[in-house]
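Colleague: I would like to learn how to read the places where chains meet in a model. Could you take me through it step by step?

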Amino acid sequence: MLELRGVSTRYGPVQVLWEVSLTVGEGELVCLLGGNASGKSTTMKTILGLVHPVRGEVLFRGRPIHRDTPAQVVRAGIAPVLESRRIFPQLTVYENLLMGAYTRTDGPGIRQDIEAVYERFPVLRERRGQLGGTLSGGEQQMLAIARALLARPRLLVMDEPSMGLSPLYVEKTFEVIQDLNRQGIAILLVEQNANMALAIAQRGYVLQTGRIVLADTAQNLVNHPMMRKAYLEL
Amino acid sequence: MLVPQLINGLTQGSLYALIAIGFVIIFGTMNLVTFAHGEVYMAGAFVGAFAMSLWHLPWFVALVMGMAAAWVLGFLIEKVAFRPLRTAGHMPPLLITIGLSIILKDLAVVLFGAENRPVPSIYEQTVRLAGVQVSVLQLVILGLAGTLFLVLRLVIQGTKIGRAMRATAQDHEAASAMGVNVNRVFSIAFALASCLGGAAGVMIGIYYNAVYPTMGGTAGLKGFAACIFGGLTSIPGAILGGIIIGVVENLTVQFLASGYRDVVAFLVMVIVLVLRPQGLLGRKLKTV
Amino acid sequence: MKTKMVPMLLTLFTLLLVAAPVAWSAESIHIAVSAPLTGNFAEYGQNWQKAISMAVEWINAAGGIKGRPLEIVYGDSKSDPKDSAALAQKFTSDNRIVAEIGDFSSTASMAAQPIYDRAGMVQLSPTTSHPKWAPGSPWSFGIVGTQAGEGPFMARYAIERLGKKRIAVLHINNDWGIASKEYFVNAATEMGAQVLGVESYFETEKDFTGVLTKLRGLKPELIYVPSFYNEMALISKQREKLGWTDVVVMGPGSLYSPKLLELGGNSVNGLYTSAVFFPNDPRPEVQKFVKGFEAKYKATPNMFAGVAYDAINLMAETIRKVGTDRKAIRDELVKTKNFPGVTGKIAFTERRDVVKDYRHLVVKDGQFTLFDK
């Protein structure tokens, strides 16, 4: 469904990604692991069209998208849950959801989908008139996920959804991710929390200083000596 | 004479406010200041004045034409001065707008001459309201400014593009990731800001019966002051700031002397900023 | 055959004279003009330039000054004292330049005055009317008259001719405006009028609603407004819009310009002023100037064009008499007693300014007319 082939990305003179290749299959939950400054966020921005690769290509459902604008990427069916949530603090919860549906023009469909995310996250219905910035971190995470769902994505790209959340909400977030995946949405989960991510993912990639160093099933990765040493707190 | 002075101040201030809102919109969405805003206002004023004095069109047609011209000019300025320099930091676009402001002013001198151009009078009558003689034109201007404030509020609060503008202002990368064409939002924001400046220009031309190439200088400065006064990113703040500056100016004329009007207006602004550095209705800048 | 040749040759000669630029055998005589060619006062400077260019064209077409062409070196002062002083430095250090005409405002002229004084070059201003100006240096000359003459004239007009006793003043806040106000107020007070209030505005002001509202509260019968036609038009229109109709408006001769009527429209009807220059004056020199100006520029010359025209002609006439020595020009100018200017006869007083004949004017049905009650 999503395929990165030898993607290299640079910010000015600084090359951040070196020949990154990875795939996410239809309905798959794949995690991309790595430490700080390993290039996880850049990989995500490259997929979303926020930065363009200097070499290599990004294919989505067989079509190259690495020259597309973010709007085209969203329309193609990829929705982002950005790092540290990035909800719009001065927009209401409801308006934040509408921003998720920005590329859509089907009014009734949008209303129906908003109703659906209110069902899934009742707290958002309660707080729909409140400014996004007044929500707690966990609630904001729910809003960020709900906002992404409003784009009716086939693939969700999530950047560190567990970061900065209380353990209770981390748990809840991973439940939601698993739940969405079960409903058929493919997910690329970019995470530092390798334990939790590998527990729910089918496959995983490990990124180190901009290069993919490991790629395997979640099961094998959990048992890989390098993983155990470097990332997993066992 | 106090009530008439307050009405004078309110009229004047509502026009400052329209200019100030332009600065707020541009600063709010793009985090940039334009020094060509006064000249956009001047251009709008000239188009309005020509529409009325040369082509003998009714004033509201002149107003729409002035606003449309300012819209187009704003759109072009954004394309030429801001778009190519989006990642160049604050200074280069700022300097370019200073240059543009000089070019536009001199161009106006070359094309139209340095002298005042007369604008035909409208609504020369006065009415008595609660025992006070009030100029009908002042009421018309107040009404128009009020209408524009309302329309602007509706656009920004209630439309998709308004929502996209606010989202872009708050987090342009996130907005972009949602599929917002940020460049288009910047264009529209700049054009919208310019359009309001053009409206103020046409109205001031009608109010004072004159337009002239250097009119953008002080007006731009006052509008910018009102924008800072109100807190840089707050539209209600800019309206309040503009009106306070207008009223303070006229009270200064009444109780001190005409020559002190700008001094006192800017003095009040400085005092407010010392007491409330974030402006009247501004929030403290987040340190991200 | 022979009889036909003469008219033909004559025609040819005339054509050559008119069409081809005159081939000057001698070096040009340079006169500098320091004027606001751009900026807020540009229209006045441009009026000067039009009148002066036309006068120079005529002088050169008639053979120049003793066979030498006259050439003007223009400097744009914006009527800003910084620029007029800098221009004075430039002009006085240029050996080709024999004398200077300018500047426009009293402030700009007076800022440059010490420089011309030190260098010993005539500074003849067409418009500077500050009473302290011409006496300030033996090299300074003023031909427009001073407020010392005009102020009392206007006060008499207001009090004796119009019978107005309760007076307020609104003046432009520069050297000229302050002097205008003072001479008027002093004379009016002496004549027994009551000056209720004095307000001022800066040159760039366009909003007079506040200051008019304030003056209105004093309930004057007449407001005296030393200003220029630009602001006067705005003041009149804004006064009308505020509904302040029970007051008489008067201002000095600086207002006498077709532009005032054009810009002010109906609102300047009933405005009282004075003039030293009339386009309708039947004197031949005036008619020659007015006709020439109208033909060349499609506009009637105003007082500013008139005084500039007088300034250049007076200068040319003086140089014709004594040559191009800077000191000789000054010594000859001082003796001017009966120069027939389009703005009236020019005869310098010992202070090197002139006493003008003023006419009582009032705007009636959109025209300046003589007030003869």
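Modeller: Let us start with contact, which means heavy atoms within 4.5 Å. In this predicted model, local features need pLDDT of at least 70 and side-chain atom pairs count only at pLDDT 80 or more, while totals for chains, interfaces and linings use all residues. Residues are numbered from 1 along each chain as its sequence is written, chains are lettered from A in the order in which they are written, and side-chain values use heavy atoms, with hydrogens and water left out.

Colleague: How many residues of chain C are in contact with chain B?

Modeller: There are 29 residues of chain C in contact with 36 residues of chain B.

Colleague: How much area do chain C and chain B bury between them?

Modeller: Buried area is the accessible area (1.4 Å probe) that two parts lose on being put together, summed over both. For chain C and chain B this comes to about 2,600 Å², with 51% of it on carbon and sulfur atoms. On the chain C side, Lys206(C), Lys214(C) and Lys241(C) lose the most area to chain B, together 25% of what that side buries.

Colleague: How many salt bridges does the rule find across this interface?

Modeller: A salt bridge is a side-chain nitrogen of Lys or Arg within 4 Å of a carboxyl oxygen of Asp or Glu. Between chain C and chain B the rule finds two, and Arg261(B) forms a salt bridge with Glu205(C), where the closest N and O atoms are 3.6 Å apart.
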